[in-house]
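Hi everyone, thanks for coming. Please take a look at the structure on the screen, and I'll walk you through a few parts of it.

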Amino acid sequence: MDAQDLGSGVAAHLFEPRLDGVHAEQALSVGGAVFGADGYNTHTLMGVPGAWLATAVARPVADGTVVKNASGADPSVYVMAGGMAVPLGYADYTGLGYDKRPLTPVPGAWEATAVARTAPSDGTLLLSPDSATVWQCVNNGGKKALTAADFGPGKLSLNDVVSVPTSLTAKLPTAR
């Protein structure tokens with residue numbers, strides 16, 4: 001579904017949980033050349049209040065969302081982890097179970113920005129297939145090993161852990 005603030009002319013792609021597999025009220029800003037190049041100009045626009053649209057666009061795409069370029073210009077598939085689009089090779093795509101989730105098309109310019117990030121945001125929880133260790137991203141690009149004591153009521157949740165390729169956790173330095 002696509003939305004437009006009719007007052008300002010700003011357009012956005014709204015994710016539909018039952019179709020896109022992401023949380024409700026998430027949106028990505030779509031404008032300029034991307035609007036036509038990625039095919040959003042063929043979607044029916046729905047008028048929404050500008051304040052609501054601004055709030056929805058400001059929310060990050062949920063961790064664990066599987067994304068791909070809407071135009072097809074980049075055939076790669078990524079999983080979102082703390083705002084970073086982490087590339088998934090075929091073995092990781094199937095081995096981590098992402099082949100069972102819907103692919104969410106995103107604008108190419110947005111994808112390029114997310115791919116260019118060097119690390120997930122601080123606080124993001126990661127798990128890779130080489131170890132049972134859950135890592136928390138810290139210090140703008142580092143990682144800290146967590147223990148079972150870090151999880152539970154009033155603490156971190158295992159539901160927030162994103163499975164990522166070993167190549168990502170291997171490149172993040174361990175914080176001391």
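Let's start with strand β9, residues 125–127, and strand β10, residues 134–138, which pair in the antiparallel sense over three bridges. Here strands are DSSP runs of E, at least two residues, and helices are runs of H or I, at least four residues, both numbered from the N terminus. Two strands pair if DSSP finds at least two bridges between them. Within this pair, Leu125 stands opposite Gln136 in β10.

A quick word on the source: this is a predicted model, where local features need pLDDT of at least 70 and side-chain atom pairs count only at pLDDT 80 or more, while totals for chains, interfaces and linings use all residues. Residues are numbered from 1 along each chain as its sequence is written, and side-chain values use heavy atoms, with hydrogens and water left out.

Now, what is the strand order in the open sheet of four strands? The order is β11-β10-β9-β12, with mixed pairing. β11 (142–145) and β12 (161–163) are at the edges with a single partner strand each, so one side of each has no neighbour in the sheet.

On to helix α5, residues 108–116, where Gly108, Glu111 and Ala114 are buried; buried means under 20% relative accessible area, exposed over 50%, and partly exposed in between, with a 1.4 Å probe and protein chains only. Looking down the axis of α5, the buried residues fall within an arc of 125°, so they line one face of the helix; that arc is taken from the directions from the helix axis to the C-beta atoms. On the other side of α5, Thr113 and Ala116 are exposed.
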